Amino acid sequence: MDNDVNMEAPEGTIFDANCDAIVSEGCAGIEIRGDTQGTVVLNNRIRGRARAALAVAVLAGAPRNNAFVLNRLDDFKASLADVFVGDSVMNTLIAGQGTVEDHGVGTVIVPVAGRGESKD
Amino acid sequence: MTGKFIWRFIAALASVLVWAASAAAQTVVVGTGNPDTDIPAVQAAVDQGGEVILKGHFSFERPPTVPTFDRNLATVRVSKAVAISGTRGEDRDMTSIEGGATPFYVEAPGAGVTIKGLRFIRPTGLAVSVYAVSGLVIASNKIERVEPGSSGIFINTSVGLPIPDQPGHPENISGTLLVINNHIDLAGGTAQDATIGILIYSVGVPGAEVEAYVSGNTIRNFTERSISLRRVVGRAYIEGNVITTGTIAGGANGTQAIFVAGLGPYLIAAQLG
């Protein structure tokens with residue numbers, strides 16, 4: 001069974017005010033921080049609103065070799081991007097749907113069409 | 001869940017419950033609704049160790065007296081191997097504990113502890129705080145109508161956020177940690193509150209790692225994080241949880257449904273392998 005995450009921020013929420021910038025600390029469905037390695041975020045369903053559905057960023061150490069794979073973001077509205085990769089984050093694999101804001105090093109992005117999307 | 005995960009999970013559960021099978025003592029405590037009776041009765045039963053079955057409605061509505069590692073106060077201290085269970089059933093039939101500042105505080109070095117099948121109503125601070133344990137099951141509990149600003153289940157050895165130079169006492173917690181099938185509703189938190197459903201900070205050391213499962217929980221209306229893990233030495237699996245934020249974001253760190261930081265690795269999903 002997958003994790004099912006519903007971010008219930010009301011429509012019109014200004015995430016910058018609540019969350020500062022996601023690069024310092026953020027608002028996200030699932031967030032990886034610090035010297036975390038080898039973490040896999042796989043096949044979760046994230047709905048609702050936030051700055052990002054998935055994020056990985058520095059916090060007293062830089063994340064390395066983590067992966068976001070085949071997460072379902074069909075009903076998610078990001079104010080920044082569906083997936084955020086912060087400065088100095090190393091070797092993140094992103095396979096799946098959604099927009100990506102990438103400031104990392106060695107990020108690999110493998111687009112996968114969502115249901116009803118064309119691969120063209 | 002994949003077959004591989006199920007077998008891994010069953011193996012972990014079995015290893016945690018081995019000690020419970022060998023526990024001889026069984027104590028049944030029936031709640032009276034009077035905290036002056038209920039708290040000493042539960043404390044006395046828990047102090048004996050073994051298996052403690054709680055039945056009926058308990059009141060913990062009394063000022064707490066048990067000091068915790070982080071200079072707070074709790075209601076009942078768990079200090080040795082014990083399995084505390086409530087009776088099953090719907091809300092009305094389920095064993096309930098009403099009120100209380102951190103109803104259970106676990107400081108049981110080297111011992112296995114289970115807390116399952118309890119309905120915590122209006123706890124203050126936390127429902128369960130764990131500082132020292134070797135093998136832990138927190139399962140099938142309900143935490144609801146918390147006092148504003150209160151959180152759910154903390155497994156934590158650090159005063160303040162753990163960092164590499166100041167990790168707290170991660171050696172206090174080892175073995176398999178199962179936090180499964182709990183229902184946690186933290187409604188009532190304000191924008192000034194940083195409420196968290198399940199927190200695991202600074203646990204395990206090389207040679208005495210943890211294997212943590214946070215699975216099948218339903219967590220609602222938190223203001224900061226539903227599940228927050230930092231500096232776990234070992235492996236952590238966060239799978240099959242149903243998470244819904246509140247409409248209020250609290251704390252200084254924004255809102256994350258699932259947050260992991262430092263060490264690991266973590267698997268946040270269910271269907272790996």
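In this predicted model, strand β18 of chain B (residues 210–215) sits well inside: six of its six residues are buried, so the strand is largely enclosed by the rest of the structure.

Helix α2 of chain B (residues 35–48) gives a rather different kind of picture, with one side in and one side out. Its 14 residues reach 20 Å from the first C-alpha to the last, close to the 20 Å expected at 1.5 Å a residue. D38(B), I39(B), V42(B), A45(B) and V46(B) are the buried residues of α2(B). Looking down the helix axis, these buried residues fall within an arc of 140°, so they line one face of the helix. What does this buried side of α2(B) pack against? The buried residues pack against five strands of chain B by name: β1 (26–30), β2 (50–55), β3 (57–59), β6 (76–78) and β7 (82–86). On the face turned away from the buried side, α2(B) carries the exposed residues D36(B) and P40(B). Just past the helix, G49(B) takes a positive phi of about 75°.

As for the chain as a whole, chain B has two helices and 22 strands. Of its 273 residues, 58% count as buried. Among contacts in chain B between residues at least 6 apart in sequence, 75% join residues at least 24 apart. T195(B) belongs to the loop between β16 (183–185) and β17 (196–203) of chain B.

S140(B), in the loop between β12 (128–139) and β13 (142–144), has a positive phi of about 55° despite not being a glycine. S140(B) has 19 other C-beta atoms within 10 Å and so is partly exposed. P265(B), by contrast, is found in a strand, β22 of chain B (residues 256–268). P265(B) is also partly exposed, with 17 other C-beta atoms within 10 Å. The C-alpha atoms of P265(B) and V233(B) are separated by 8.3 Å, the two residues being 32 apart along the chain. Setting aside residues up to four places away in sequence, P265(B) touches R235(B) in its own chain and Q37(A), G38(A) and T39(A) across in chain A.

Chain A has one helix and eleven strands, and from the N terminus on the order is a strand, then the helix, then strands for the rest. Of its 120 residues, 45% count as buried. Among contacts between residues at least 6 apart in sequence, 67% join residues at least 24 apart. Which residues touch the most other members of the largest nonpolar core? Of the 109 residues in that core, the answer is A52(A) and A53(A). Beyond neighbours within four places in sequence, A53(A) is in contact with A28(A), G29(A), I46(A), L73(A), F76(A), A78(A), D82(A), V83(A) and G98(A).

N91(A) lies in the loop between β8 (83–85) and β9 of chain A. Its phi is near 55°, a positive value in a residue other than glycine. With 15 C-beta neighbours inside 10 Å, N91(A) counts as partly exposed.

Among the elements of chain A, strand β9 (residues 93–96) has the highest mean pLDDT (96) and helix α1 (residues 15–19) the lowest (43). Over residues 12–26 of chain A the pLDDT is below 50, though this stretch has 33 contacts in the model beyond near neighbours in sequence. Where pLDDT is low, the predicted coordinates should not be read in detail.

Definitions and conventions. Residues are numbered from 1 along each chain as its sequence is written. Chains are lettered from A and ligands numbered from 1 in the order in which they are written. This is a predicted model: local features need pLDDT of at least 70, side-chain atom pairs count only at pLDDT 80 or more; totals for chains, interfaces and linings use all residues. A nonpolar core is a set of buried Ala, Val, Leu, Ile, Met, Phe, Trp, Tyr and Cys residues joined through C-beta atoms within 7 Å. A residue is buried if 20 or more other C-beta atoms lie within 10 Å of its own, exposed if 12 or fewer, and partly exposed in between; C-beta atoms are placed from the backbone. Two residues are in contact if their C-beta atoms, placed from the backbone, lie within 7 Å. Helices (H or I, at least four residues) and strands (E, at least two) are DSSP runs, numbered from the N terminus. The expected span of a helix is 1.5 Å times one less than its number of residues. The arc is that of the directions from the helix axis to the C-beta atoms. pLDDT is the predictor's confidence in each residue, from 0 to 100.
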